[in-house]
Amino acid sequence: MLDPYYRTLKGFQDIIEKEWLAFGHKFTDRCGFLGSVDSKEISPVFTQFIDCVWQMTQQYPCAFQFNERFLLTLHDHVYSCQYGTFIGNCEKDRLDLRLAERTYSLWGYIHKYMNDFINPIYLKENMATKRSGLLFPNTSPQVFRFWRGMYNRFDSGVHPREEILDTLASGKEHSSSLEDHIRLLEMRINDLCKRMGISEDVIQRKLQGFLSMDSLDGVLLAESNEENCGERLTSTSLPLTKSFDSDNNHTAGKSDTESGFDESSSQLSRSGFEDGLGSSTISLTGVLGNSEPLTRAQFQVELSSVAVDWKPLRNVQNCSCAYSFEHFSKKYHCWKCGEVFCIRCIAAHMPLPGHFPKRHAPVCKSCYTQLHSISPIHEIASHVAS
Ligand SMILES: [Zn+2]
Ligand SMILES: [Zn+2]
């Protein structure tokens with residue numbers, strides 16, 4: 001309540017390490033891990049604490065970096081004893097049992113699946129509270145809610161069909177994937193236009209939205225008619241988007257002067273009204289470190305490697321492996337095909353050819369196999385970009 005840091009994932013870990021573990025909360029006794037524990041010692045103190053935190057997250061939905069799944073996971077693993085973190089009654093017990101050497105830490109697991117535990121509407125700093133980071137929870141009895149997610153989690157009938165925060169989180173991921181895809185496509189358009197001799201200025205104005213795609217197509221069409229360049233250019237190298245396809249096979253492979261686009265394009269640039277936009281241009285050749293044009297096949301790999309549509313989480317009951325999703329089991333999207341999978345069916349996080357900058361995105365098993373058979377140029381690209 002006093003310090004926003006302790007409402008982050010890292011800060012919450014710190015507070016548990018400090019106030020519960022280091023301070024000597026008797027987890028083994030309180031949770032009754034052993035049959036030999038005196039039943040009078042057993043008490044759900046930690047569960048009460050987690051419940052209190054959950055009540056606060058209900059009153060301040062934007063103040064906590066973690067979500068309900070995080071609290072449930074933490075709570076469940078205190079009792080599961082799968083990790084060594086909460087075993088023993090005090091620090092001395094943990095040293096005597098050599099838990100650090102013999103067990104894994106829960107925090108490592110939490111860190112690995114961090115994205116699953118992030119509250120998508122978390123506001124950093126003090127924006128959620130507007131009172132210098134302090135929380136003043138309402139303690140009127142009628143404000144406290146029954147935590148269905150904790151105490152009724154296996155009653156499938158009582159939960160909403162769609163978890164709003166999960167849907168939000170997946171929407172955020174989807175749009176960030178699309179943004180990276182757009183960035184790459186802009187680079188490709190840029191490069192394509194350059195190879196066709198259109199001036200940087202015109203390209204930039206188009207990318208910034210000052211010119212419509214139609215007007216660019218118009219320019220290309222007019223030029224190709226005037227110059228009749230379609231016949232002169234080779235049709236072997238660059239891929240064409242649909243709009244370019246519609247007007248013959250004019251592709252790149254020739255320099256600006258050869259293709260004869262220079263004059264008309266400089267006229268176009270004179271009519272421009274935005275200077276300096278060209279400086280932000282990142283060209284395909286710059287990224288790849290060579291001037292080889294992309295082949296049509298490579299471009300198609302890029303286009304097909306990013307799912308434009310993602311399947312909605314709403315009605316997905318089962319994974320393709322027949323695993324039946326419970327209310328709190330996290331559903332994952334494959335960023336390549338857009339289908340929904342369980343954690344086990346997400347094969348790997350790997351860079352997608354259709355993204356710029358390259359970063360590791362989750363993909364399903366079949367998409368992983370497909371991506372692995374792609375041409376080496378993309379691997380070079382991802383290596384350079386990363
Ligand atoms: Zn897939
Ligand atoms: Zn599965």
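Arg-183 has a relative accessible area of 36%, so it counts as partly exposed. The model is predicted. The side chain of Arg-183 forms a salt bridge with that of Asp-180, at 2.8 Å from N to O. Asp-180 is buried, with a relative accessibility of 6%. Both Arg-183 and Asp-180 belong to helix H9, three residues apart, or about one turn of the helix. Elsewhere, Lys-26, Asp-29, Arg-30 and Glu-41 form one network through salt bridges that share partners. The count of salt bridges comes to 15.

Helix H1 holds another pair. Lys-10 and Asp-14 both sit in helix H1, four residues apart, again about one turn of the helix. Their side chains meet in a salt bridge at 3.1 Å, N to O. Lys-10 is partly exposed at 46% relative accessible area. Asp-14 is partly exposed too, at 24%.

What does the salt bridge between Asp-166 and Arg-69 link? The bridge itself spans 2.8 Å from N to O. This pair links distant parts of the chain: Asp-166 lies in helix H9 (residues 164-195) and Arg-69 in helix H4, 97 residues apart. Asp-166 has a relative accessibility of 17%, under the 20% limit, and is therefore buried. Arg-69 is buried as well, at 9%.

Now the nonpolar interior. In soluble globular proteins, nonpolar side chains tend to be buried together. The largest nonpolar core here has 31 residues. Ile-16, Phe-70, Leu-71, Leu-74 and Phe-86 have the most contacts inside this core. Which helices each supply at least two of its residues? They are H1 (9-22), H2 (27-31), H3 (45-59), H4 (68-80) and H7 (106-112). Take Phe-70: leaving aside residues up to four places away in sequence, Phe-70 touches Leu-9, Phe-12, Ile-110 and Phe-117. Another core lies apart from the largest one. This other core has 22 residues, including Tyr-332, Ile-346, Met-350 and Ala-361.

Helix H16 covers residues 296-304, and its buried residues are Gln-298, Phe-299 and Glu-302. Where on the helix do these buried residues fall? Viewed down the axis of H16, they stay within an arc of 100°, so they line one face of the helix.

Four cysteines coordinate the zinc ion (ligand 2): Cys-319, Cys-321, Cys-342 and Cys-345, each through SG, at 2.2 to 2.3 Å. Along the chain, these donors follow the spacing C-x1-C-x20-C-x2-C. The angles among the four donor atoms run from 104 to 115°, and the site is tetrahedral. Ideal angles for four tetrahedral donors are 109.5 degrees. Is Cys-319 buried or exposed? Cys-319 is buried, at 5% relative accessibility. Cys-321 has a relative accessible area of 41% and is partly exposed.

The zinc ion (ligand 1) has the SG atoms of Cys-334, Cys-337, Cys-364 and Cys-367 as donors, at 2.2 to 2.3 Å. The spacing of these donors along the chain is C-x2-C-x26-C-x2-C. The site of ligand 1 is also tetrahedral, with angles of 100 to 121° among its four donor atoms. Cys-334 is buried, with 0% relative accessibility. Cys-337 is partly exposed, at 32%.

Notes: Residues are numbered from 1 along each chain as its sequence is written. Chains are lettered from A and ligands numbered from 1 in the order in which they are written. This is a predicted model: local features need pLDDT of at least 70, side-chain atom pairs count only at pLDDT 80 or more; totals for chains, interfaces and linings use all residues. Side-chain values use heavy atoms; hydrogens and water are left out. Donors are N, O and S atoms within 2.8 Å of the metal (3.2 Å for Na, K and Ca); water is not among the atoms, so sites may look incomplete. Four donors count as tetrahedral if all angles lie between 85 and 135 degrees; four count as square planar and six as octahedral if opposite donors are over 155 degrees apart and all others between 65 and 115; anything else is irregular. Buried means under 20% relative accessible area, exposed over 50%, partly exposed in between (1.4 Å probe, protein chains only). A nonpolar core is a set of buried Ala, Val, Leu, Ile, Met, Phe, Trp, Tyr and Cys residues joined through side-chain atoms within 4.5 Å. Contact means heavy atoms within 4.5 Å. The arc is that of the directions from the helix axis to the C-beta atoms. A salt bridge is a side-chain nitrogen of Lys or Arg within 4 Å of a carboxyl oxygen of Asp or Glu.
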